[in-house]
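Hi everyone, thanks for making time for this. Let me put the structure up, and then we can walk through it together.

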Amino acid sequence: MSETKSVGYWGSVWQKLKKDKLAMAALIIVLVLFGVAIFQNFLAGNKPIILKYQNEYYFPVLFRYNKFFGTDFKQLDINSTKGDFAIFPPVRFSPTENDLLSVLIPPSKEHLFGTDDRGRDVLSRMIHGARISLSIGFVAVGIAAIIGILLGGIAGYYGGSVDFIVSRLFEVMMTFPVFFLILTILAFRDPSIYNIMIVIGATSWTGIARLIRAQFLQLRQFDYVDAAVALGGNDWRVMMKHMLPNSLAPVLVDISFGISGAILVESGLSFLGFGVPPPEPSWGDILSQSQRYVDFAWWLVLFPGAAIFVTVTSFNLLGEGFRNAIDPKFLGSE
Amino acid sequence: MSVKELIKIEKLKKYFPIKSGIISRVSNYVKAVDGIDLSIPEGQTIGLVGESGCGKTTLGKTILKLLEPTSGEIIFENNNITHLSASKMRPFRREMQIVFQDPYGSLNPRMKVESIVSEGLVIHNILSGKDRKDFIRELMRTVGLREDALSRYPHEFSGGQRQRIAIARALALKPKFIVCDEPISALDVSVQAQIINLFIELQEKFKLTYLFISHDLRVVRHISDKVAVMYLGKIVEISPSKELYKNPLHPYTQILISCVPIADPSRKRVKTVLKGDVPSPINPPFGCSFHPRCPIAVEKCKTVEPELRDVGSDHLVSCHLV
Amino acid sequence: MDNVLEIKDLRISFASDGKRVEVVGGISINVPKGKIIGVVGESGCGKTVTALSVMRLIPEPPGKIDSGEIIFDGADLLHYSDRDMRSIRGNRISMIFQEPISSLNPVFTVGNQIEEALSTHLNLSKQERKERVLELLTLVGIPAPQRRMHNYPHEMSGGMSQRVMIAMALACNPEVLIADEPTTALDVTIQAGILELINDLRVKMGMAVLLITHDLGIIAEVADEVYVMYAGKVVEHGYTADIFREPHHPYTVGLLNSVPGLQENKEMLNAIPGVVSSPDNFPDGCRFQDRCPLVIDKCRTDEPLLEQVGNAHTAACWRRAEVKKIEN
């Protein structure tokens with residue numbers, strides 16, 4: 001028994017991951033993206049973060065005030081009462097703020113990333129697009145993971161005829177060209193952000209399902225599974241408490257790649273015009289717009305393109321780093 | 001003084017189907033356990049010896065209903081548990097536990113020792129809070145482990161320590177019966193001795209009944225009250241431990257005992273080398289399943305299957321020539 | 001007695017987590033011609049690493065032979081080039097391992113594999129090779145060799161596969177056979193046959209055997225001399241009969257007591273308490289100190305060296321004169 005601090009499995013995986021410089025860089029980028037997505041209104045918007053007006057404090061980013069309904073805060077006269085001030089987000093434009101006088105302006109001091117064909121600030125749209133892209137990535141993959149784990153788990157745990165039937169289901173699902181399936185389904189439904197998430201999730205679970213099935217089939221042979229049955233555990237307990245925790249590691253690799261995949265799919269959909277409907281700013285949407293102005297509005301191509309590229313690459317690197325970190329610890333035992 | 005019979009096994013069979021062909025038809029069976037009658041008295045250790053493929057591990061798991069019996073009856077304290085559903089079986093599971101051979105595969109590597117040992121208590125809702133914690137701590141002391149082991153993970157322990165954890169897990173439910181499936185085979189010799197001592201001590205302390213499965217005759221002889229010898233899914237001889245080693249009657253038992261290496265160079269023995277290969281349990285030979293390798297087989301052995309007969313002093317043998 | 005193989009003061013270390021850890025701490029083993037030398041010990045004692053080092057099969061990195069000599073035929077094997085070692089392995093020094101199934105290549109027939117052993121080192125015609133294969137299979141006691149030589153490893157039982165491995169190892173009439181736990185994975189009835197075979201062949205072919213095992217019973221049955229290893233050191237050495245009758249190291253006594261023998265049923269054994277320390281944690285002084293019933297202060301500071309206790313019998317213990325075999 002070692003005298004060092006006891007780290008569990010995930011603790012030792014984290015220690016290994018920390019040594020991978022590339023994966024750590026990717027992790028930092030992902031965390032920054034998260035930060036941007038969570039704090040989007042603190043970073044870009046036309047509402048002040050803190051407002052002192054007529055000697056009263058207001059926080060328009062966090063709360064809605066009836067008093068200020070429909071007010072354009074930028075026009076608010078804060079010089080009338082002494083001591084009044086307003087602290088705006090660094091980017092003072094909302095993603096949906098049209099300014100037809102400032103259409104298609106290249107990056108400038110006023111608009112760091114330029115504007116699009118409706119005068120909307122591109123940087124603001126980029127910042128708000130982060131939340132959309134990440135949400136789609138996580139929710140879609142979350143749905144895929146739940147379906148995949150349930151179906152794969154049942155097939156692997158029960159084996160026999162149950163496995164036979166469920167495996168055929170996997171195979172049917174895998175034969176569909178997923179992207180076109182998504183397009184078809186979206187053609188029949190309203191293209192809302194939720195529908196997109198659900199559709200991507202419901203069509204990309206087969207990879208995870210096969211992984212879980214394979215892991216469960218292998219884990220069934222381990223004695224600790226028999227021990228749990230001998231103690232009186234029921235099927236659910238054995239699957240959830242014993243087999244699933246020992247199967248998750250490779251699945252997390254798949255999830256990481258899945259997130260980047262989902263983001264790419266959404267960008268593709270938006271690019272084709274089937275994505276998130278306006279005025280919600282998605283990166284793929286901005287990119288799609290750029291088609292019309294590509295010969296001079298380089299900022300409409302570069303920024304969303306770079307953002308998608310960096311995000312997807314980061315999740316991929318993270319997934320790769322994760323795969324290396326869990327490698328020798330693959331199965332249930334060492 | 002008659003001892004209460006804890007477990008009675010009647011004509012127990014466990015066959016594994018072999019599927020072949022495109023439509024997975026069952027073409028044959030692996031007859032792992034092929035008609036076993038066994039009576040396990042309370043508080044005693046029944047040793048089960050045999051070589052690879054004889055079905056001893058399958059028998060152990062089937063008695064515990066970790067495998068569904070193909071036919072036959074398992075009676076635990078006068079309750080027939082053979083066909084009980086999982087939920088009806090649950091209360092009985094508290095009374096019968098198992099310790100496995102592989103100390104590296106029998107503990108969930110993702111669970112802390114505390115969770116592993118108290119899982120039984122959690123499942124059956126026994127004790128809670130401080131009472132449970134105190135009980136678990138006492139249990140760890142009983143099996144010879146330090147209390148701080150509870151917050152660690154299995155991979156931080158040696159093979160012998162892991163077996164102690166597995167034993168603690170089995171004991172947590174205060175069972176009456178424990179199947180010990182080759183519990184020391186994977187351990188170093190000096191550690192084996194420690195664990196053997198632990199088993200003996202625990203049996204005395206908690207009045208446990210053991211089915212001790214092993215291929216090591218030296219250990220089985222030491223720890224068992226009665227020893228059963230298995231060959232190809234059947235018991236060929238069963239008798240009190242001392243008697244078996246002093247007076248083995250079945251030819252297989254005799255050969256088996258003669259082959260065990262003894263740590264005493266002054267005792268040069270004549271070994272009978274067993275000829276031929278172990279036959280497969282898929283198509284066991286007709287008549288006495290040992291006849292192709294038996295040095296004294298006669299015509300009758302090839303056609304008629306012998307039965308276990310009592311030859312006196314609680315010694316049963318299944319051989320035509322005894 | 002002529003020694004065909006001499007291991008002198010061998011030290012081997014392995015890299016682990018950035019540190020170098022010594023796993024074999026200066027051991028010397030002499031293998032006289034035609035004798036069976038047993039090396040007995042438990043996990044972590046370094047016996048397998050020692051055996052592999054004779055064949056120079058230790059992966060370097062992470063392993064490293066720090067110092068010592070392995071003298072064979074007047075030369076130090078540790079200074080041999082790769083090419084020279086290859087001409088020794090399987091030819092003049094052979095090795096058989098614990099798991100026959102995993103040591104045989106599943107995609108070649110056993111006949112092919114034995115032939116490969118022959119063609120690597122000897123210059124025989126195809127016909128001569130085939131004859132030699134049949135000869136070898138018969139020698140190791142495999143019935144119907146003409147048929148068996150066309151079998152694949154998975155078609156053979158454990159015992160048969162081990163015999164095939166022995167046939168491969170003996171194909172070129174080696175002077176030394178290293179057998180690393182050759183029967184551990186086999187049933188006891190098969191084990192008896194394999195041990196008998198090794199003994200017979202040793203006599204027939206005049207070959208020496210370095211037999212590595214954890215089973216004292218096997219040592220008692222076939223070994224001429226015994227080296228007892230603990231935590232990377234040899235703690236006792238002598239003729240088999242002497243070691244068993246009059247052990248002079250507490251660990252040897254403990255090992256002998258750990259095997260249930262003829263004592264009363266269900267009596268507690270005199271087990272050795274505790275576990276062997278891991279190589280990165282060996283204490284100063286005697287490595288057995290934490291488990292020894294005879295430990296004194298000196299044991300914790302000064303490491304005992306092998307000293308004479310009888311005829312060709314040495315033990316490394318400060319209290320070697322007082323060690324007595326406790327009858328179980």
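**Helix packing, sheets and chain contacts**

Let's start in chain C, where helix 4 and helix 7 cross in a right-handed way. For the handedness, a crossing is left-handed if the near helix is turned anticlockwise from the far one by less than a right angle, and right-handed if clockwise. Before going on, please keep in mind that this is a predicted model: local features need pLDDT of at least 70, side-chain atom pairs count only at pLDDT 80 or more, and totals for chains, interfaces and linings use all residues. Residues are numbered from 1 along each chain as its sequence is written, while chains are lettered from A and ligands numbered from 1 in the order in which they are written.

Helices (H or I, at least four residues) and strands (E, at least two) are DSSP runs, numbered from the N terminus. Back to our pair: helix 4 covers residues 110-121 of chain C and helix 7 covers residues 158-170, and their axes come within 8 Å and cross at roughly 25°. The axes are lines fitted to C-alpha atoms, for helices over the stretch in contact, with angles running from 0 to 180 degrees between N-to-C directions. Helix 4 and helix 7 of chain C are therefore roughly parallel to each other. As for the words, under 35 degrees counts as roughly parallel, over 145 as roughly antiparallel, 65 to 115 as roughly perpendicular and the rest as oblique.

Which residues make that contact? From helix 4 of chain C they are C:Val110, C:Gln113, C:Ile114 and C:Ala117, and from helix 7 of chain C they are C:Val164, C:Ala167 and C:Met168. Contact here means that the C-beta atoms of two residues, placed from the backbone, lie within 7 Å. By class, this contact of helix 4 with helix 7 of chain C has 6 nonpolar, 1 polar and no charged residues. Nonpolar covers Ala, Val, Leu, Ile, Met, Phe, Trp, Tyr, Cys and Pro, charged covers Asp, Glu, Lys and Arg, and the others, Gly among them, are polar.

Let's zoom in on C:Gln113, which sits in helix 4 of chain C. Is C:Gln113 buried or exposed? C:Gln113 is buried, with 21 other C-beta atoms within 10 Å. The cut-offs are 20 or more other C-beta atoms within 10 Å of a residue's own for buried, 12 or fewer for exposed, and partly exposed in between, with C-beta atoms placed from the backbone. Leaving out residues up to four places away in sequence, C:Gln113 touches C:Leu104, C:Asn105, C:Phe108 and C:Met168. C:Gln113 and C:Ala167 are 54 residues apart in sequence, yet 9.8 Å apart in space, C-alpha to C-alpha.

Still in chain C, 6 of the 8 residues of helix 1 (residues 47-54) are buried, so helix 1 is largely enclosed by the rest of the structure. The buried ones are C:Lys47, C:Val49, C:Thr50, C:Ala51, C:Ser53 and C:Val54. Just after helix 1 of chain C, C:Arg56 takes a positive phi of about 55°.

Now the sheets. Chain C has an open sheet of 8 strands in the order 6-7-8-3-9-10-12-11, with mixed pairing. Its edge strands are strand 6 (93-96) and strand 11 (307-310) of chain C, each pairing on one side only. Two strands pair if DSSP finds at least two bridges between them. Within chain C, strand 7 (residues 176-180) and strand 8 (residues 208-213) run parallel and are joined by 5 bridges.

In chain B, 4 strands form an open sheet in the order 2-1-4-5, with antiparallel pairing. Strand 1 (residues 5-20) and strand 2 of chain B pair over 13 bridges, and the partner of B:Ile9 in strand 2 of chain B is B:Leu38.

Finally, how do the chains meet? Of the 2 pairs of chains in contact, chains B and C share the most contacts. That contact takes 37 residues from chain B and 35 residues from chain C. Helix 6 of chain B gives the most to the side of chain B that touches chain C, with 9 residues. No contact joins chain A and chain C, whose closest C-alpha atoms lie 9 Å apart.
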